[in-house]
Amino acid sequence: MEAPSLELPSKEVLLKLYRDLLTARRGEAEIFAIQSKATGRGSGHRGPGEEAIPIAILNNLTETDCFHPNFRTYFCHFAKPGFTLKDAIAQSLGRRSEHPLIFTPELGAMGSSGTLGEASVRYVGAAVANVIQKTGDVTVFIQGDGASNRAPTHEAMVVAAAWQLPIIFVIQNNKYGMGTSWRKSYNIEDLSVRGAGYGMPHETVDGNDMLNMYLVAKKHIDRCRAGGGPSLICADTWRMRAHYEGDAQIYRPKGEAQDWQKYDPLMRYEKQLMELGVLSQEDVDRLEAEVIAEINATIEEVESMAVPSSYEDFMASAIDGL
Ligand SMILES: Cc1ncc(C[n+]2csc(CCOP(=O)(O)OP(=O)(O)O)c2C)c(N)n1
Ligand SMILES: [Mg+2]
């Protein structure tokens, strides 16, 4: 693929990306603090530092496009048109949300699986349905570097390329699958080159560079929407935290995560917007206050909602729709 167009998105888009990135970072941290307090210990798979990948993609999708996130950055789903911050917070705090993130077919969330890799074939199915129904919608399927090594993913890519389906596969390469470095899992440097073997355009991008990630995602999504078929993007990032909170990370060189903080997409993007003259320090302070206020107000609203009595109750709006 050729380099993304150097044309800058409008100021409105640049600032929307910043606000979404900030909301994802602060929102996930608030939710984690509440969950830790409730359980008495930190747990969960956290993804700070990886948010620019889904945020860039979601800002290029429509309400009816299909989207599957990597589980680690699930919270970012609020940025998909049709979903809201309240949906993401309600789901994270175990309340019934209007649009369950995991399964709201009318907004392109077609379900997932705790068995990594399995969902890839499901989303190929969604792409087939979009072709048959001539919706013009595209599908973006993100998964981690570890999950991308699984057999269903390969089957999905073979079929997607053979049938030229409107689907984009994205590898969120944070360099680890649990305690195993990608160096021990792959004998290639650039994971995107696998696309050549399937017969689809492929590209590697710095997934911590918000603007470039947005431009690359836009290029592939526009191409796919115009009937150009599938492609594979490898978005490089870093897992800044443990696999799960509490994991002692004995498999990781000391200080590695701290070193990686200098590649933090939020800090980098903030600096870039300031250099472009799009953002001032006053804007940063104002947006920070606005985002925190919005998150706190939404948490308060969600915490006043009843706790579902069963899983069926929790998922009721999705199940009713079937
Ligand atoms: C088929 C399967 N094997 C193993 C697991 C256990 N498991 C959960 S998360 C994980 C690591 C996944 O790594 P990656 O896809 O790179 O995502 P990351 O955690 O880095 O975001 C593993 C092995 C699983 N859920 N499913
Ligand atoms: Mg990984």
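## A buried aspartate

Asp145 sits in the loop that runs between strand S4 (139-144) and helix H5 (151-162). The model is predicted. Is Asp145 buried or exposed, and which side chain of opposite charge is nearest? Asp145 is buried and has no salt bridge; the nearest side chain of opposite charge is that of Lys175, 7.7 Å away.

The side chain of Asp145 does reach backbone nitrogens: that of Asn174 at 3.3 Å and that of Tyr176 at 3.5 Å. Neighbours within four places in sequence aside, the residues in contact with Asp145 include Ile171, Gln172, Asn173, Gly177, Trp182, Tyr186 and Leu191. Asn174, Lys175 and Tyr176 are also among its contacts.

## Strand S9 and its partners

Strand S9 (residues 231-236) has 5 of its 6 residues buried, so the strand is largely enclosed by the rest of the structure. S9 pairs in the parallel sense with strand S5 (residues 167-173) over 6 bridges. It also pairs in the parallel sense with strand S8 (residues 202-206), over 5 bridges.

Asp236 in S9 has Asn173 standing opposite, and Asp206 stands opposite Asp236 as well. From S8 the chain passes through helix H8 (residues 210-228) to reach S9, a β-α-β crossover that is right-handed.

## Helix H8

Which residues of H8 are buried? They are Met210, Leu211, Met213, Tyr214, Leu215, Val216, Ala217, Lys219, His220, Ile221 and Cys224. Ala226, also in helix H8, is exposed at a relative accessible area of 68%. Between Ala226 and Glu155 there are 71 residues of sequence separation, and their C-alpha atoms are 24 Å apart. Just after H8, Gly229 has a positive phi of about 85 degrees.

## Salt bridges

Side chains of opposite charge can pair when their charged atoms come close. Over the whole structure, 20 salt bridges are found. One of them joins the side chains of Glu51 and Arg25, at 2.6 Å from N to O. Glu51 lies in the loop between helix H1 (11-39) and helix H2 (52-58), while Arg25 is in helix H1, so the pair ties together parts that are 26 residues apart in sequence. Glu51 is buried, with a relative accessible area of 4%. Arg25 counts as buried too, at 12% relative accessibility.

Lys86 and Glu301 form a salt bridge through their side chains, at 3.0 Å from N to O. This pair links distant parts of the chain, with Lys86 in helix H3 (residues 85-92) and Glu301 in helix H11 (residues 281-303), 215 residues apart. Lys86 counts as partly exposed at 32% relative accessibility, and Glu301 is partly exposed with a relative accessible area of 38%.

How far apart are the closest N and O atoms in the salt bridge of Asp206 with Arg268? They are 2.9 Å apart. Asp206 in strand S8 and Arg268 in helix H10 (residues 265-275) are 62 residues apart, and the pair links distant parts of the chain. Asp206 is partly exposed, with a relative accessible area of 27%; Arg268 is likewise partly exposed, with a value of 27%. Elsewhere, salt bridges with shared partners join Arg19, Asp283, Arg286, Glu290 and Glu294 into one network.

How values were computed:
Residues are numbered from 1 along each chain as its sequence is written. Chains are lettered from A and ligands numbered from 1 in the order in which they are written. This is a predicted model: local features need pLDDT of at least 70, side-chain atom pairs count only at pLDDT 80 or more; totals for chains, interfaces and linings use all residues. Side-chain values use heavy atoms; hydrogens and water are left out. Buried means under 20% relative accessible area, exposed over 50%, partly exposed in between (1.4 Å probe, protein chains only). Helices (H or I, at least four residues) and strands (E, at least two) are DSSP runs, numbered from the N terminus. Two strands pair if DSSP finds at least two bridges between them. A crossover is right-handed if, with the strands pointing away from the viewer, the path from the first strand over the helix to the second runs clockwise. Lys and Arg count as positive and Asp and Glu as negative; His and the chain ends are not counted. A salt bridge is a side-chain nitrogen of Lys or Arg within 4 Å of a carboxyl oxygen of Asp or Glu. A polar contact is a pair of N or O atoms within 3.5 Å; within protein, one must be able to donate a hydrogen and the other to accept it, and residues adjacent in sequence count only if both atoms are side-chain atoms. Contact means heavy atoms within 4.5 Å.
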